[in-house]
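Here is a friendly briefing to read with the model open beside you. Please take a look at the chains first, and then work through the topics in turn.

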Amino acid sequence: MKLVTYDDFKPGLLVGDRVVDITPALGGLGPLDWDEAIPAIIANYQKLQPELERLSRSGGDVPLASVRLRAPNPRPAKILCAVANYLELGARPKPPIDFFFKSPEGVIGDSDTVVLPRAEASIFHHEAELAVVIGKECRKVSAAQAMDYVFGYTAFIDVSGRNLGRVQASTFFGKSFDTFAPMGPCIATADEIPDPHKLQVRLWVDGQLRQDYNTDDMGNPIPDLIEWASGYMTLNPGDMIATGTNHQGLGALQDGDRVEMEIERIGRFTVRVQDPLKRSWPKGVDEALAARMRGETQPAR
Amino acid sequence: MKLVLYNNYRLGILRDDRVLDVSSAVADLKMSNRTRLMPAVIAQWDKLRGPIERASQGLTGVPLSSVRLRAPDPRPPKLLACFGNYKEFTQRERLPQDMFLKSPESVIGDGDTVELPPHQATIFHHEAELGVVIGRRSKDLPPTREALDAVFGYTCFVDVSGRGLGRPGQASRMGKSFDTFGPMGPCILTADEVPDPNKLQVRLWVNGELRQDYNTDDMEYTVPEVLAFASHYMTLVPGDFICCGTNHQGLGPLQDGDRAEMEIQGIGRFRFSVQDSLKRTWAREIDREMAQRVRGG
């Protein structure tokens, strides 16, 4: 199933190019704020599934084009991002696992706008990533058990302001501006994805293909990421783990850009970029960064 | 006013070491989860303050020692922490401002236990900090006193920090995000009772030994400047929590069996203990090497 939110963050299912309202199935969950619905649906998914399947066949739906799609997981309690977790097309060895937190306030959805802050970053990059949505509370799970705790997957852009703050401190705070966490179009439930380590990830800026890589280049696979993260902290339904990006293809985001991102079997979504300061950077792939990432084990910040 | 959560996350007022049950004043707030109560109370504070005060009138309450206190902001929507941010009793130029996010899952309260994980950190430090609780939705606050209007109140926070984790040559902030690594308490002292958050004495003891003892007037970036910086990056919402950094002069290890107490003048004191299933040991004293290194910048 493909879980979405739309209009005023109403939860729904994406069936082809139509959206099914699933609020009739949620009465038993009690009153829920806009930010509680998706985690509650995820936590109660097994119980809800028969009714959701019935609704998805019932035809009580509207065309996708007639609704305003929102982020499918609009307010995760935690967004954990894997630090530079790709082999860069085989150019570097598997890195040790590390993470940072990204502000959940940064989440935006399809057709929303990334607004660049006035902070004097050296550049703002797009980082297209496969993100995992946690399905059940877990703590200290082994890699062997970890996939049992995955609810689904979504397409995620870790927008990154570089060279801010104390550059050597690895705070990654330049990734936590409002609007810096676009995701969409849906959460594809785990049963829709036969192998999350065989998915093509693509990102275009103004129609130009920039990132185009397969998740088979991931350094530490998803079970290992979940084992590591849950060894530090309790993960809860709706928590997100972004699995890192392949830096070959990163480029600047700047005023007026139209960004599309797609992961096969999940879908495609679009965001725009606005910069009140109208700064400009070279358009196209950041080849210097790409070369640095191929040649060094130090991740960019 | 000193607001607390206690027992099954009931709302109370702390007055002269007695807890007054004011939960009747917030009974209309329907919560799917008790940990969402405090942000909801804060968001509607203008409307709820009167009823909460009235609910407390005539109550004698119960002794603080008879209840189980909880962290007063047990699952902040966001938990932000200043990087460094003290002058370390020097006159040095201030360093660039920076912050990071800590797991909101890490928060524990008075009487709870910090559980050291089996991870091979070089040491686990206590960092006693002033905690700021956000009162209203805010973006781009000014670095001046006006920013303090966005503050709901203040509390004591210990940023427990596992060192030496992550990749070689690249410090990781994740060593601060283990479950139980965010002790907080005893109450939220509302902002109207804090004339100047940059004139507060902060103290932390381990097993009765005074380790940290500094004033918030040593901050590099004052509370309004911290609020301005954070709210330039992101929208702050009611219940968000900002810890203002620590003065490292006095940091020391936390280890199995330790009993720690932290106090900020006017806010109060709370306690927590430390458990380590691996029973590792470090010198039970202030980490002078760390203090020296941080003083050097």
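A polar contact is a pair of N or O atoms within 3.5 Å; within protein, one must be able to donate a hydrogen and the other to accept it, and residues adjacent in sequence count only if both atoms are side-chain atoms. Helices (H or I, at least four residues) and strands (E, at least two) are DSSP runs, numbered from the N terminus. This is a predicted model, where local features need pLDDT of at least 70 and side-chain atom pairs count only at pLDDT 80 or more, while totals for chains, interfaces and linings use all residues. Residues are numbered from 1 along each chain as its sequence is written, chains are lettered from A and ligands numbered from 1 in the order in which they are written, and side-chain values use heavy atoms, with hydrogens and water left out.

**Helix α4 of chain B**

- At the start of α4(B), the backbone nitrogen of B:E289 has a side-chain oxygen of B:D287 within 3.4 Å.
- B:M290, B:A291 and B:V294 are the buried residues to look for in α4(B); buried means under 20% relative accessible area, exposed over 50%, and partly exposed in between (1.4 Å probe, protein chains only).
- These residues lie on the same side of α4(B), because they cover an arc of only 100° around the axis, the arc being that of the directions from the helix axis to the C-beta atoms.
- The buried residues of α4(B) pack against β10 (124-125) of chain B.
- B:R293 and B:E289 form a salt bridge at 2.9 Å, N to O; the term stands for a side-chain nitrogen of Lys or Arg within 4 Å of a carboxyl oxygen of Asp or Glu.
- Both partners belong to helix α4 (residues 288-295) of chain B and sit four residues apart, about one turn of the helix.
- B:R293 is partly exposed at 49% relative accessible area, and B:E289 is partly exposed at 48%.

**Where chain B meets chain A**

- The contact (heavy atoms within 4.5 Å) involves 45 residues of chain B and 44 residues of chain A.
- About 3600 Å² is buried between the two chains, with carbon and sulfur atoms giving 52%; buried area is the accessible area (1.4 Å probe) that two parts lose on being put together, summed over both.
- On the chain B side, B:R167, B:M174 and B:Y233 lose the most area to chain A, together 23% of what that side buries.
- The interface holds eight salt bridges by the rule, and 21 residue pairs are in polar contact across it (both at pLDDT 80 or more).
- Elements of chain B that each supply at least two residues to the side touching chain A include β7 (99-101), β14 (166-167), β15 (170-171) and α3 (223-233).
- That side of chain B has 18 nonpolar, 14 polar and 13 charged residues; Ala, Val, Leu, Ile, Met, Phe, Trp, Tyr, Cys and Pro count as nonpolar, Asp, Glu, Lys and Arg as charged, and the others, Gly among them, as polar.
- B:E220 pairs with A:R166 in a salt bridge, their closest N and O atoms being 3.2 Å apart.

**Salt bridges within chain A**

- Over all chains, the count comes to 51 salt bridges.
- A:K175 and A:D158 form a salt bridge at 2.8 Å, N to O.
- This pair links distant parts of the chain, 17 residues apart: A:K175 is in the loop between β13 (160-161) and β14 (181-189) of chain A, and A:D158 is in the loop between β12 (150-157) and β13.
- A:K175 is buried at 4% relative accessibility, and A:D158 is buried at 1%.
- A:R202 forms a salt bridge with A:E262, with 3.8 Å between the closest N and O atoms.
- A:R202 is in strand β15 (residues 200-205) of chain A and A:E262 in strand β18 (residues 258-263), so the pair ties together parts 60 residues apart in sequence.

**A buried aspartate in chain B**

- B:D112 sits in the loop between β8 (107-108) and β9 (113-116) of chain B, and B:D112 is buried, with a relative accessible area of 16%.
- Not counting residues up to four places away in sequence, B:D112 touches B:R68, B:R271, B:F272 and B:S273.
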